[in-house]
Each structure stands twice: as structure tokens, then as C-alpha cells.
Amino acid sequence: MESQKAILALDGGGLRGAFTLGFLGELESLIAHQTGTGEDFVLADYFDFIGGTSTGAIIATGLSLDWSVERWITMYRELGSVVFRKRKFLPLRAWSKYPGKPLRKQLASVFGERTFGDSDLRTTLMIVMHNRTSDSPWPLCNNRNALYNRGGEKPTRHNLEQRLCDLLSASTATPAFFPSVTLNLGADDREFVDGGVTAHNNPALQMFLTATIPEYEMRWPTGADRLLLISVGTGFAPARLQNLSKLRRHIIYVATNTPTGLMFAAANHNDVVCRTFGETRFGPHLDRELQRMMSGGLPDKLFTYARYNIELDDNQVKKYGIFDVPAHELTKLDAVEHVETLIALGTAYAKANLKPEHLARVQRSPTIRNTSRTSRPDAS
């Protein structure tokens with residue numbers, strides 16, 4: 001049988017990434033128990049390709065570096081209070097609510113001088129950004145066979161030489177929250193912002209395409225028994241306008257809420273496509289027509305798929321034991337004071353919904369940690 005592969009895709013969502021971490025802690029424990037690998041198990045032992053957008057990219061990079069979820073949770077608790085400090089000079093808030101320097105400094109402190117091609121990365125890694133100069137999405141993957149990762153004079157871009165902290169600063173430069181980041185990837189300076197403003201805030205579909213389309217040079221095998229795709233969100237709250245007066249539906253309201261609506265629509269669309277092509281083991285309710293779409297789509301499935309995400313609605317969060325914080329407070333990208341609540345919510349959600357059978361079709365043996373510490377960015 002051809003080799004079996006596993007992909008872990010993490011959404012963007014600011015400090016709602018704490019929900020993701022709560023969920024991932026349970027996923028790490030479940031797989032460790034299933035495989036009998038014990039306390040030293042980390043998700044990089046199981047997943048071959050880990051990627052994310054914005055906050056998801058930060059978490060994905062840490063996981064790819066062989067860090068445990070618990071280590072990430074400890075760092076995440078500190079990250080928010082340091083990074084989300086409003087500009088003191090009020091006129092500058094017209095460009096961004098928060099200065100970019102604390103975020104860049106914190107990322108540099110965490111990741112140091114490691115590059116996108118660093119041998120410390122144990123898995124293939126994807127970081128999603130948006131190139132504002134060309135107005136195009138840039139889902140960067142560190143597969144060494146990819147066109148812009150091979151080196152040489154042509155093409156002139158050398159993505160693997162970029163520092164992780166710089167790429168992550170760009171991927172998390174949420175418009176209105178943080179200033180854009182200028183990077184030079186070998187040809188000229190380009191301006192980058194958060195990958196969440198692309199169609200890949202939920203990067204699951206793009207990661208599947210990157211792993212399997214020949215032009216991306218990974219060429220992984222497809223099939224429900226050969227490829228596993230796990231997608232984890234940060235919680236969502238689709239806008240409801242039925243109680244909004246016409247007076248409030250002015251141009252500023254529309255301008256500030258339209259991007260959120262587009263991001264939700266894109267994430268939902270990517271989920272629907274993945275359920276169409278994948279053998280879906282779990283996924284939240286989509287809408288009244290599609291419902292949970294657990295058995296629809298193509299007859300010959302290309303991968304085993306599970307999507308985990310929660311609607312940040314009062315009834316939903318109370319279902320998972322959160323009674324003291326209104327759900328709308330948890331939707332904020334900069335909800336520093338609610339990080340612990342979001343971690344607890346992600347943990348409770350995972351305990352209720354994550355099942356061993358969601359991983360059952362793809363039987364994998366984790367990397368043995370005491371004999372293999374080498375990089376896998378060119379796994380194929």
C-alpha cells in the first residue's frame with residue numbers, strides 16, 4: 001500500500017486561537033492514547049503537513065517545531081497581553097488599532113532566527129498571507145521541491161530563506177488591527193497583510209490541493225484510506241441583521257462588516273467542498289438545506305475528513321459549560337480577558353465531539369521520537 005498521510009489545517013481568528021489550542025490539547029491526548037505513545041507524544045509525530053492562517057499559522061509553526069500543545073498554551077497566555085495594547089497616540093489608530101512592533105518582537109523572541117526552510121521543522125508547513133502589492137493570496141509551503149523553494153538564480157524568490165517570525169508577522173497583520181508588513185522575497189519589496197482576508201482563512205482546501213496537485217510538487221496519494229484531513233476553526237458568529245435598524249445600516253457599518261461576512265462565506269464554502277470530496281467523519285451544521293452533509297458529494301472519496309468548529313452563540317457556549325461570559329464577547333479577535341474561557345470552551349467542545357472513529361480510516365503509526373528528529377518538509 002502507498003504511504004498514508006495526515007494534514008492538520010488551522011483557521012485564523014486572532015485570540016480565538018485559544019479555542020483551537022483547547023481543542024488540540026484533547027486531540028493530542030486522544031492520538032497519544034490511541035497509539036500508546038505516552039506523555040512525550042506531540043502532534044508533529046502524527047501529522048505530515050500542518051498549516052494555518054494568521055493565528056492558525058502561529059500555532060501550526062509551533063506544532064511543526066515539535067512543541068506540545070501545553071507549551072503553546074503557556075506562551076499564548078502571555079502573547080495576548082503583550083501584543084494587544086492600543087496605540088497611545090490616537091491619530092495613529094486611523095491606520096491600526098495596535099502597533100506592529102510588539103507582535104514582531106514577540107514572534108522574534110519565540111521563533112528566533114529560524115527560517116522557513118529550517119531543519120527544526122519536522123513537518124511540511126503552510127503559512128497563508130495576502131500580498132497587498134499584487135492583491136493576491138500567498139499560501140506559502142516549505143516543500144523543498146516547490147517552484148520558489150528550489151533556489152538558484154531563476155526564479156528569484158527564495159521562500160525558504162525567509163525568517164519564520166517575519167512570515168508570521170505578515171500572516172497576522174490583520175487590517176485595522178495591525179499595520180502591514182513589508183517583505184523582500186528576492187525580487188523586490190512587497191506589502192503583506194493577514195491571510196484571513198483571502199479565501200483561505202480556513203486553509204483546509206488549499207492544503208489538500210497543495211498536497212495533491214502535481215504542479216505543487218508534493219504529489220501525495222488520494223483516497224479515504226490514504227489521506228486524512230483534520231480542520232479546526234476558531235469559532236464563528238455569522239452576522240444577523242434582522243434586528244438592525246435601517247438607520248444603522250450606513251456605509252461605515254457596511255464597510256466594517258462586509259469583510260467578516262466574506263470570510264465566513266469563504267470558510268463555509270471551503271468546508272462544503274471538503275465534504276464533497278472527502279469522506280466526512282464529523283462536521284458542524286452548515287445550513288437548513290445542506291444540514292451536516294455527512295454522506296453527500298462524490299462517490300469516490302479523495303480523503304477522510306473532519307471539521308471542528310463552534311458557533312459562538314449563547315445557547316451553544318452554555319451547552320459546553322460557559323455561563324459567565326456572553327458569547328458575543330468571545331467573538332472578538334482581541335478578547336485578551338477571555339483567553340482562559342476560550343481554552344476551556346475548546347477543551348469542552350473536543351471532549352464532547354472528538355471521537356477515535358473520526359481518525360479510523362487512516363491507520364497511522366506516529367514517528368518514533370527517540371530515533372527520528374529530522375525535518376520532513378519535503379515529504380512526498
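Analyst: What follows looks at helix H1, then at its partner helix, and then at a few residues elsewhere in the chain.

The model is predicted, not determined by experiment. As background, the protein has 380 residues, of which 53% count as buried. Its secondary structure consists of ten helices and nine strands. Among contacts between residues at least 6 apart in sequence, 72% join residues at least 24 apart.

Helix H1 covers residues 17-35, which is 19 residues. From its first C-alpha to its last it reaches 26 Å, close to the 27 Å expected at 1.5 Å a residue. Most of H1 is covered, with 14 of the 19 residues buried. Just after the helix comes Gly36, whose phi is positive, at about 65 degrees.

The partner to consider is helix H3, residues 69-83. H1 and H3 pack at an angle of about 160 degrees, and their axes are 9 Å apart. An angle over 145 degrees counts as roughly antiparallel, and therefore H1 and H3 are described as roughly antiparallel to each other. Their crossing is left-handed. On the H1 side, the contact is made by Gly17, Ala18, Leu21, Leu24, Gly25 and Glu28. On the H3 side, Val69, Trp72, Ile73 and Tyr76 take part. By class, this contact of H1 with H3 has seven nonpolar, two polar and one charged residues.

Thr234 lies in the loop between strand E7 (227-232) and helix H7 (251-277). Leaving out residues up to four places away in sequence, Thr234 touches Gly17, Phe19 and Thr20, among others. Its other contacts include Asp11, Gly12, Gly13 and Arg16, as well as Thr55, Asn309 and Leu312. Thr234 has a relative accessible area of 2%, under the 20% cut-off, so Thr234 is buried. The C-alpha atom of Thr234 is separated by 9.1 Å from that of Thr331, 97 residues apart along the chain.

Apart from neighbours within four places in sequence, Cys165 is in contact with Leu107, Ala108 and Gly112. Cys165 and Val110 are 55 residues apart in sequence, and their C-alpha atoms are 8.1 Å apart in space.

Gly36 was noted above for its positive phi. Most residues other than glycine have a negative phi. Two residues that are not glycine have positive values here. Asp135, in the loop between strand E3 (124-131) and strand E4 (136-141), has a phi near 55 degrees. Met293, in the loop between strand E8 (278-282) and strand E9 (303-308), has a phi near 45 degrees. As for accessibility, Asp135 is exposed, with a relative accessible area of 60%, whereas Met293 counts as buried at 15%.

To return to the helix you asked about: H1 is mostly covered, runs roughly antiparallel to H3, and has Gly17, Phe19 and Thr20 among the residues that Thr234 touches.

Notes: Residues are numbered from 1 along each chain as its sequence is written. This is a predicted model: local features need pLDDT of at least 70, side-chain atom pairs count only at pLDDT 80 or more; totals for chains, interfaces and linings use all residues. Side-chain values use heavy atoms; hydrogens and water are left out. Helices (H or I, at least four residues) and strands (E, at least two) are DSSP runs, numbered from the N terminus. The expected span of a helix is 1.5 Å times one less than its number of residues. Buried means under 20% relative accessible area, exposed over 50%, partly exposed in between (1.4 Å probe, protein chains only). Axes are lines fitted to C-alpha atoms, for helices over the stretch in contact, and angles run from 0 to 180 degrees between N-to-C directions. Angles under 35 degrees count as roughly parallel, over 145 as roughly antiparallel, 65 to 115 as roughly perpendicular and the rest as oblique. A crossing is left-handed if the near helix is turned anticlockwise from the far one by less than a right angle, and right-handed if clockwise. Contact means heavy atoms within 4.5 Å. Ala, Val, Leu, Ile, Met, Phe, Trp, Tyr, Cys and Pro count as nonpolar, Asp, Glu, Lys and Arg as charged, and the others, Gly among them, as polar.
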